[in-house]
Amino acid sequence: MSAVTQLSRRDKMLLHCAPLCEEHADEHALRTAIHHAKKTEAYVTQQNFDKAATALVQRVAIPREIVEWIPTETFIAPPRRPWKKYAQHPAFLATGIAVLVIAIVGIIQLVERLNRFPGQTTAQRLLITASSNKSMMLDPVKADAGALGDFLFMKHRLVHYDVPAEFADLKALGARVFDDEEGQRVAQIWVVEKKMQFFMFPAERDVKTGAAKHFNGWRYVDQDRWTGVVREDKGVCFMAALRGGEKDLAPYVSKKKE
Amino acid sequence: MADEQKQDLLQLYRFCFLMLADAAKAQEIFHATLREAAQLSADGESPRDRLWFFRNARWRCLEAGEQGLRAEEVDFEQGELGDGAPSQIEKLDPEQFAIWISAAPDPQRTALALFYLNEFSYSDLLSVTELKPPELSKLLGNGRREFQAWLDATFPTTQT
């Protein structure tokens with residue numbers, strides 16, 4: 001009995017329920033308690049007691065009427081396969097993974113669509129242009145970028161091709177006007193600071209009405225390690241582009257200018 | 001019917017017998033339980049598992065026990081389990097053990113009857129008796145000691 005007193009209270013409690021067959025101990029805590037007590041005198045005595053009582057019960061005579069009355073068919077419903085079993089079936093697993101992938105792709109596309117803005121395709125194309133340009137390809141100028149709006153209007157008849165106040169004070173090195181792949185007039189200005197380039201191009205238009213599609217505020221766009229920040233005003237989009245990330249452009253667009 | 005299920009039904013009769021200590025009543029309840037299972041099966045609502053039979057028979061036995069003569073509820077004496085208990089138990093008839101078990105108050109009666117069928121896992125026992133682990137433990141532990149005291153009174157040490 002002294003060995004039993006060393007067992008925990010929980011073990012002692014569980015040992016009263018210790019079955020004779022190991023497979024009947026279907027809970028971890030009970031198996032642990034049995035393992036702890038296996039060699040104790042009290043446990044052995046209890047098991048011998050239970051074995052004798054069980055043997056006595058098995059001696060209960062079964063009347064002939066009972067044996068004859070046992071039906072040939074079973075009344076127990078076939079076991080239902082739990083949902084986990086179904087989930088582990090290769091066909092269901094494959095279908096589940098496919099649905100998950102489709103859902104993820106769908107969500108990504110939806111998020112991208114929500115973040116898209118009119119003129120984004122043109123802006124991305126112009127970022128490729130920016131990455132392959134050299135400053136010497138432009139006509140040299142010596143002026144503030146903000147002053148080039150009049151130049152573009154006077155020389156190229158480009159209305160509202162103005163540099164926003166946020167970028168107007170930056171010194172320009174060169175400028176040019178060219179037609180892009182879609183025949184749109186694009187103005188390009190090269191500034192000294194951070195070898196930044198400005199692009200001004202017509203805003204995307206509604207196919208039916210021909211009206212410019214507006215959007216508010218600054219929108220970021222990136223392409224091959226180049227980042228641009230775009231704003232639409234009076235049917236013309238302005239994009240400031242540089243080689244770098246959003247954090248390089250953010251200081252410019254976050255400052256308030258009158 | 002599989003041998004395992006046939007064995008379950010034989011054990012069901014033994015369970016009824018232990019609960020009532022009356023072969024005729026045990027047979028009656030065994031038949032009533034099987035009839036209900038057959039009826040449910042015919043209605044397309046077959047019992048989910050073998051435990052259903054024992055739960056059903058348990059309540060029928062308790063109901064039958066209420067109607068007949070009832071043993072007076074007394075606090076049994078308790079004795080420490082001894083090494084000589086197996087030989088004391090061997091001297092008993094199954095009917096004597098059934099009388100002793102059927103005299104125990106429920107849920108101890110159900111717990112002892114099910115436990116000594118040596119048919120159920122620990123979680124099955126908890127499920128059919130609807131007891132919590134400490135309750136089942138207490139009832140089985142006390143049951144053993146009370147049965148030991150009864151054995152000691154029935155077969156005093158001088159006789160063993």
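This is a predicted model: local features need pLDDT of at least 70, side-chain atom pairs count only at pLDDT 80 or more; totals for chains, interfaces and linings use all residues.

Start by selecting chain B and colouring it by secondary structure. You'll find 8 helices and 0 strands, so the pattern along the sequence reads α-α-α-α-α-α-α-α. Chain B has 160 residues, and 39% of them count as buried. Among its contacts with a separation of 6 or more, 71% join residues 24 or more positions apart.

Next, select helix 6 of chain B, residues 108-115, together with helix 7 of chain B. How do the two pack? Their axes are 10 Å apart, at an angle of about 150 degrees. Angles over 145 degrees count as roughly antiparallel, and that is why this pair is described that way. To see the contact itself, show B:Thr110, B:Ala111, B:Leu114 and B:Phe115 on helix 6, then B:Leu125, B:Val128 and B:Thr129 on helix 7. By class, that's 5 nonpolar, 2 polar and no charged residues.

Last stop: bring chain A back into view. Here 45 residues of chain B are in contact with 36 residues of chain A. On the chain B side, the elements giving two or more residues include helix 1 (3-20), helix 2 (23-42) and helix 8 (133-154). That side of chain B has 27 nonpolar, 10 polar and 8 charged residues.

Technical notes:
Residues are numbered from 1 along each chain as its sequence is written. Chains are lettered from A and ligands numbered from 1 in the order in which they are written. Two residues are in contact if their C-beta atoms, placed from the backbone, lie within 7 Å. Helices (H or I, at least four residues) and strands (E, at least two) are DSSP runs, numbered from the N terminus. Ala, Val, Leu, Ile, Met, Phe, Trp, Tyr, Cys and Pro count as nonpolar, Asp, Glu, Lys and Arg as charged, and the others, Gly among them, as polar. Axes are lines fitted to C-alpha atoms, for helices over the stretch in contact, and angles run from 0 to 180 degrees between N-to-C directions. Angles under 35 degrees count as roughly parallel, over 145 as roughly antiparallel, 65 to 115 as roughly perpendicular and the rest as oblique. A residue is buried if 20 or more other C-beta atoms lie within 10 Å of its own, exposed if 12 or fewer, and partly exposed in between; C-beta atoms are placed from the backbone.
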